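User: Please take one part of this model and look at it closely. I would like to know how its ends, its faces and its surroundings are arranged.

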Amino acid sequence: MNTAAPPPAEAGPDGSGAVERLGFAAEQIVQEFGWDDDVDDDFRFAVEDVIGSDLEDEDYTGEAHAVVFWWRADDGDLTDALVDLVGVLAEGGFVVALTPKDAKDGAVDAAEIDEAAATAGLHSGGAFHASPHWRAIKLGAPRGRL
């Protein structure tokens, strides 16, 4: 078990260093799932600043280069949700799964995310501090799946 703390994701004052380290880049189409009033708007705005456009909502029907996925322990079946997300990703796309850091706010253990991701055909690319209250885990889609 890796007990080292995840690297800080807030490399720049606006969090843009974090989103770039996670793999977000200009002109990507990024879809957001699991938005609620508890999400970190600074992280969301930093993603939008890097990609140069607004995040697409859950109703978007095209392929996405990346997904911002807010997930809490009581949100349902994580494996099913990740399987569904694989279907919206373009080849080489990725998911940034964000979960609260505090158990009382719905934190999900990284091992649970890794297990659900593996079942969904995703691989973990490491954990990051996305904000003071959210931890991010980058999940990559399998290459050549299309």
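This is a predicted model: local features need pLDDT of at least 70, side-chain atom pairs count only at pLDDT 80 or more; totals for chains, interfaces and linings use all residues.

Analyst: A polar contact here is a pair of N or O atoms within 3.5 Å, where one atom must be able to donate a hydrogen and the other to accept it.

Which residues of α3 are buried? They are Leu78, Ala81, Leu82, Leu85 and Val86. An α-helix has 3.6 residues a turn, so residues three or four places apart point the same way. Viewed down the axis of α3, the buried residues fall within an arc of 145°, and therefore line one face of the helix.

What does that face pack against? The buried residues of α3 pack against β1, β2, β3, α4 and β5. The largest nonpolar core holds 22 residues, and α3 gives the most to it, with five residues. Leu78 and Leu82 are among the residues with the most contacts inside this core, and so are Val67, Phe69, Leu122 and Leu139.

At its start, a side-chain oxygen of aspartate 109 reaches to within 2.9 Å of the backbone nitrogen of alanine 111. The buried residues of α4 are Ile113, Ala116, Ala117 and Ala120. Because these residues cover an arc of only 100° around the axis, they sit on the same side of α4. The face turned away from that buried side carries the exposed residues Glu115, Ala118 and Thr119. The cover over the buried residues of α4 includes α3, β3 and β5. Just after α4, glycine 121 has a positive phi of about 85°.

Two polar residues in neighbouring strands complete the surroundings. Threonine 99 is in strand β3, and it counts as buried because its relative accessibility is 0%. A polar atom of its side chain lies 2.9 Å from the backbone nitrogen of valine 108. Leaving out residues up to four places away in sequence, threonine 99 touches Ile113, Val108, Trp71, Gly106, Ala107, His133, Trp134 and Arg135. Of these, Ile113 is one of the buried residues of α4. The C-alpha atoms of threonine 99 and histidine 133 are 8.5 Å apart, although 34 residues separate them along the chain.

Glutamine 31 belongs to strand β1 (residues 30-33). With 0% relative accessibility, glutamine 31 also counts as buried. Its side chain reaches the backbone oxygen of aspartate 57 at 3.0 Å. Beyond four places in sequence, the contacts of glutamine 31 include Glu56, Asp57, Tyr60, Ala66, Val67 and Val88. Val67 is also one of the residues with the most contacts inside the largest nonpolar core.

Glutamate 27 is not a glycine, yet has a positive phi of about 70°. Its relative accessibility is 70%, so glutamate 27 counts as exposed.

Definitions and conventions
Residues are numbered from 1 along each chain as its sequence is written. Side-chain values use heavy atoms; hydrogens and water are left out. A nonpolar core is a set of buried Ala, Val, Leu, Ile, Met, Phe, Trp, Tyr and Cys residues joined through side-chain atoms within 4.5 Å. Buried means under 20% relative accessible area, exposed over 50%, partly exposed in between (1.4 Å probe, protein chains only). Helices (H or I, at least four residues) and strands (E, at least two) are DSSP runs, numbered from the N terminus. Contact means heavy atoms within 4.5 Å. The arc is that of the directions from the helix axis to the C-beta atoms.
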